[in-house]
Amino acid sequence: MDVVKYKELFQIAKKLHSSLDVDVILGELFVTLQEVYPNFSYFLLLSMDTYSHSDLPIIELEYDSENIVAIKAFASGNVQFESSHFEKHAILYAPLKGKQGVYGVLQVIAPETSEFPAMEVEFIALFSECAGGALENAQLHQQSQRTISDLQLINETSHQLNSNRPMAETFTFMSTKIKTSFEAEEVGFFLFSQDQAKAKALPGSTSYFFTRQARVYIDYIKGKLQKGNEPLFIGDLNLSEKNYGTSFHSIMAVPVVVSKKLKGFCIIMHRSPYFFSFDSFKLLQSLVHHSSLALTNSILREELKILVTTDHLTKLHSRKFLDDKIQRSMKKDEEGTFILIDIDNFKEINDTHGHQIGDEVLIQVANLIRGNIRENDVGARWGGEELAIYLPKVPLDTGVAIAKRLVKKVSECSEPHITVSCGVSYWNKEKHDSYQYVFKRADEALYIAKETGKNKVVIQGDNIRAS
């Protein structure tokens with residue numbers, strides 16, 4: 001190769017190595033080929049999928065019999081030749097070789113000849129090696145950038161998880177980060193019940209996981225993780241027939257394991273098959289692994305909060321929780337109804353049947369309360385045999401109807417047979433009021449109910465009345 005060619009190659013090398021962007025290097029490679037060999041044809045057979053050029057003659061390097069010479073060049077790292085007397089052209093296959101491996105093969109086709117021009121072989125071989133080195137540097141740079149980005153994501157997430165923030169806020173943060181970083185359509189976090197029979201979607205999961213349609217995916221992943229306790233990387237799952245037309249094909253799921261016990265799992269999903277890369281799967285595993293302890297701590301904090309605000313026996317809310325709820329409601333809502341409930345003749349039940357039956361009676365009434373109120377309403381243990389219900393944004397007549405229904409249900413369903421009495425009070429924005437006075441009025445109404453026959457509802461007011 002003459003001096004002019006070496007100088008030309010030096011300039012080409014400078015140009016190719018001036019960028020760390022794979023797409024820029026590939027574009028520059030073909031510009032150079034067009035300038036140097038305007039009469040030749042060329043294709044680039046690449047083994048990587050990190051390019052986005054759709055306008056360049058790039059072919060995926062496939063391991064089949066039609067590409068046997070190209071595969072030989074790729075595997076050996078040496079230039080290979082092929083000729084066609086019928087079509088009268090010669091082909092050179094030059095590997096794009098870096099220090100760490102071969103990244104593809106440059107296919108150059110010389111027309112109107114049965115042998116590739118010998119004077120061009122060395123130049124093309126050196127050019128390909130130069131391009132291979134530039135691609136290797138760009139790939140290594142991109143990998144390092146991804147690694148830095150992945151570490152930042154793990155660090156930022158771990159910091160957030162260890163900041164003692166509420167569980168819903170923590171998981172919302174994680175969901176947003178994962179959705180952005182993995183380009184996922186759906187992200188879900190799930191906590192197993194103690195017997196691992198159920199998997200509950202945690203706050204912060206995308207809304208899809210709280211729908212009936214999601215259940216088939218949740219149950220499928222739950223079953224797989226319980227059998228193997230290993231992360232799942234699924235490229236083309238098809239459960240559409242069972243899932244009302246919704247079809248997610250790409251799924252990654254990683255178990256949350258603490259002290260060798262399966263506590264829950266994380267799922268991310270996309271409708272397109274083979275959407276997630278294996279690198280993203282490894283990142284999700286690393287993210288969940290680094291977050292497992294913090295996630296569990298967050299869950300334990302939430303469980304402790306529930307214990308503090310929940311009565312141990314009845315599983316209704318505590319009186320303090322009820323007090324706080326009413327105070328907040330009186331600041332932001334227009335109205336509300338409060339029901340104070342007392343189990344009639346409760347001392348006689350304890351004396352006759354024993355305290356264990358007394359506890360069972362309390363639990364029965366608590367269960368009936370839960371079955372007769374909405375999710376936003378509050379059922380609470382007021383103290384002893386007294387229970388309470390607060391109905392935010394509910395008018396007095398609706399509250400009275402709920403109290404009457406409860407009195408009827410207890411009388412009909414309890415075993416041993418018992419009755420309850422209710423005192424009902426009400427507030428609204430039009431009249432100056434306080435939560436202490438709301439309680440006082442309900443207590444007075446309950447007292448009248450107990451003194452005038454029990455098993456009834458008495459309503460508050462300046463002129464308290466029975467109903």
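Helix 6 lies across strand 6, strand 7, strand 8, strand 9 and strand 10, and runs at about 135° to strand 10 (axes are lines fitted to C-alpha atoms, for helices over the stretch in contact, with angles from 0 to 180 degrees between N-to-C directions). Helices (H or I, at least four residues) and strands (E, at least two) are DSSP runs numbered from the N terminus. The model is predicted, with local features requiring pLDDT of at least 70 and side-chain atom pairs pLDDT 80 or more, while totals for chains, interfaces and linings use all residues. Residues are numbered from 1 along each chain as its sequence is written, and side-chain values use heavy atoms, leaving out hydrogens and water.

Just after the helix, asparagine 229 adopts a positive phi of about 55°.

The five strands of the open sheet follow the order 7-6-10-9-8 with antiparallel pairing; two strands pair if DSSP finds at least two bridges between them. Strand 7 and strand 8 are the edge strands, each pairing on one side only. Strand 8 joins strand 9 over three antiparallel bridges, and leucine 232 stands opposite alanine 253 in strand 9.

Turning to charged pairs, a search of the whole structure finds 13 salt bridges (a side-chain nitrogen of Lys or Arg within 4 Å of a carboxyl oxygen of Asp or Glu). Lysine 320 bridges to aspartate 324, with the closest N and O atoms 3.1 Å apart. These two partners are separated by about one helical turn because they are four residues apart in helix 8 (residues 319–332). Lysine 320 counts as exposed at 59% relative accessibility, whereas aspartate 324, at 28%, counts as partly exposed. In the salt bridge of aspartate 377 with arginine 374, the closest N and O atoms are 2.6 Å apart. Here aspartate 377 is buried, at 6% relative accessible area, and arginine 374 is partly exposed at 44%.

How values were computed
Contact means heavy atoms within 4.5 Å. Buried means under 20% relative accessible area, exposed over 50%, partly exposed in between (1.4 Å probe, protein chains only).
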